[in-house]
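Please examine the model shown here.

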Amino acid sequence: MSAPTVSRIPVIIDTDPGVDDALALLLALASPELEILAIVVTFGNTDARSSFINILKIYRAVARHIERHPQDASRFPNFSQRRKTILAVGEDRPLEGDIHSAEYFHGRDGLAGISERHPDLNVDDEWPSEHPQIKLSKKSGVDVAVDLLKAEPERSITYVALGPLTNLGKMLRLDGDAVRNRIGRVVCMGGALDVPGNTSPVAEFNFFADPYAVKELLVPNDPGHALPLDRFLLLPLDITTPHELPFPTYQAAVDPAFESTASPSRGEGKAPLVHFTSAFLERTREIMVEFGKDAMELHDIAAVWCALANPPVSTFEQAAAGDIPVLQDGWKAMRRKFEVERTGELTRGMLVVDRREDVGAYAPGVNRAEVQAERHHFKHTGTYESTAVPAQVEVEAPPTNPGKPQEQGPATMQDSKSKTHTEGVPCITETPGPAALLQLLLERVWGVRI
């Protein structure tokens with residue numbers, strides 16, 4: 001008896017490649033769970049034009065690899081789909097405010113400077129009229145995405161946001177009803193909750209690049225105009241940072257000749273895809289070593305992993321599960337309440353967590369130094385920095401009058417606690433683990449196991 005046919009997850013990938021975006025896209029191309037309906041490029045790690053060109057470079061690298069190693073064609077089921085993937089250019093600036101990029105990390109071309117260092121990896125035509133694997137659209141990426149939501153079955157599409165949320169914010173402005181009613185799931189890499197930022201001390205880059213879009217989509221003044229958060233999953237730096245590709249592992253398993261720009265990758269004797277990834281990882285390695293780590297953090301790769309592992313579910317199934325999006329075994333999420341800083345001189349893009357109602361907050365009246373000592377299992381031999389115990393905060397229900405209906409008064413602590421279960425943004429707090437993602441990436445993209 002043949003195995004039942006499992007339908008693929010239709011996805012729209014919103015991206016600003018970007019070195020980790022490039023690996024995330026390669027993982028998507030190599031994942032049979034997905035059907036890539038469209039790739040919508042945006043500003044972010046570089047400008048939208050360079051992002052568009054980088055998609056062409058990624059497809060060219062895979063095409064060259066399959067041409068030389070045709071036996072590997074099956075490893076990239078989404079490279080040459082029956083229905084061509086649409087490629088469209090989205091927004092090139094945030095909803096409001098100044099433009100910021102991450103060229104300090106990703107280089108001016110978005111791929112760590114390979115345009116100049118490795119001209120053999122450039123594409124011959126940066127704005128082709130047609131492409132063998134991609135359907136090039138002259139429509140805006142925002143229009144393309146909204147049209148797909150309307151054309152495909154309701155709540156079937158997963159929108160994977162790997163860059164700033166500007167395109168999705170524009171989609172909500174263009175046709176909010178279609179987005180809210182028809183989108184199946186949004187998987188977003190962005191933000192930093194309880195860890196430092198990566199583009200400033202307090203902000204992750206995607207949310208730093210367009211905090212206005214974050215505000216409109218996730219924490220608007222009118223919640224009725226927000227995205228449906230029971231179909232939204234945020235992967236902040238808190239969960240993505242521990243997922244890494246150690247460069248010594250890459251060197252041992254994928255490219256023994258891999259080092260740095262001092263000894264740049266050479267295509268002779270290497271699989272074309274290995275040469276391509278080594279070409280942009282060699283500079284990335286140098287930057288990460290300057291930060292004290294000989295590994296690349298797999299932020300966007302983790303988001304693609306989450307999307308392929310956790311497809312949208314039916315309205316009935318989600319309603320039965322509650323207010324946290326349904327997740328597969330090994331994945332966990334919880335709702336977190338925050339606001340986003342948009343205009344701060346030092347804090348643009350910061351997620352200001354409401355720790356008064358956060359499940360990880362301190363209980364009223366405790367000595368915080370003592371709690372930290374207990375949590376982190378260290379012994380303190382001197383006096384604590386602060387030994388003052390704050391006065392206990394009394395939280396009472398309003399007085400009642402027998403025989404008179406209870407009037408609505410200030411929220412009690414119990415009310416506050418119950419609200420945290422229905423408010424806030426669902427954030428991934430647990431994955432099957434960094435080792436599982438590393439193995440998946442190595443096996444699917446480069447065909448190696450460790």
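Which residues of helix 5 (residues 141–151) are buried? This is a predicted model, in which local features need pLDDT of at least 70 and side-chain atom pairs count only at pLDDT 80 or more, while totals for chains, interfaces and linings use all residues. Residues are numbered from 1 along each chain as its sequence is written, and side-chain values use heavy atoms, with hydrogens and water left out.

In helix 5, the buried residues are Gly141, Val142, Val144, Ala145, Val146, Leu148 and Leu149. Buried means under 20% relative accessible area, with a 1.4 Å probe and protein chains only. Helices are DSSP runs of H or I with at least four residues, strands are runs of E with at least two, and both are numbered from the N terminus. The buried residues of helix 5 pack against strand 1 (9–15), strand 2 (34–41), strand 3 (85–89), strand 5 (158–161) and helix 6 (166–182), contact meaning heavy atoms within 4.5 Å.

The axes of helix 5 and helix 6, lines fitted to C-alpha atoms over the stretch in contact, come within 9 Å and cross at roughly 5°. Helix 5 is therefore roughly parallel to helix 6, a term for angles under 35 degrees between N-to-C directions. Among the residues of helix 5 that take part are Val142 and Leu149, and the helix 6 side includes Met171 and Leu174.

As for the cysteines, the model has zero disulfides, a disulfide being a pair of cysteine sulfur atoms within 2.5 Å. The sulfur of Cys427 is 9.6 Å from the closest cysteine sulfur, in Cys188, and therefore too far for a bond. Cys188 is buried, with a relative accessible area of 0%, and Cys427 is buried at 1%.

How values were computed: Buried means under 20% relative accessible area, exposed over 50%, partly exposed in between (1.4 Å probe, protein chains only). Axes are lines fitted to C-alpha atoms, for helices over the stretch in contact, and angles run from 0 to 180 degrees between N-to-C directions. Angles under 35 degrees count as roughly parallel, over 145 as roughly antiparallel, 65 to 115 as roughly perpendicular and the rest as oblique.
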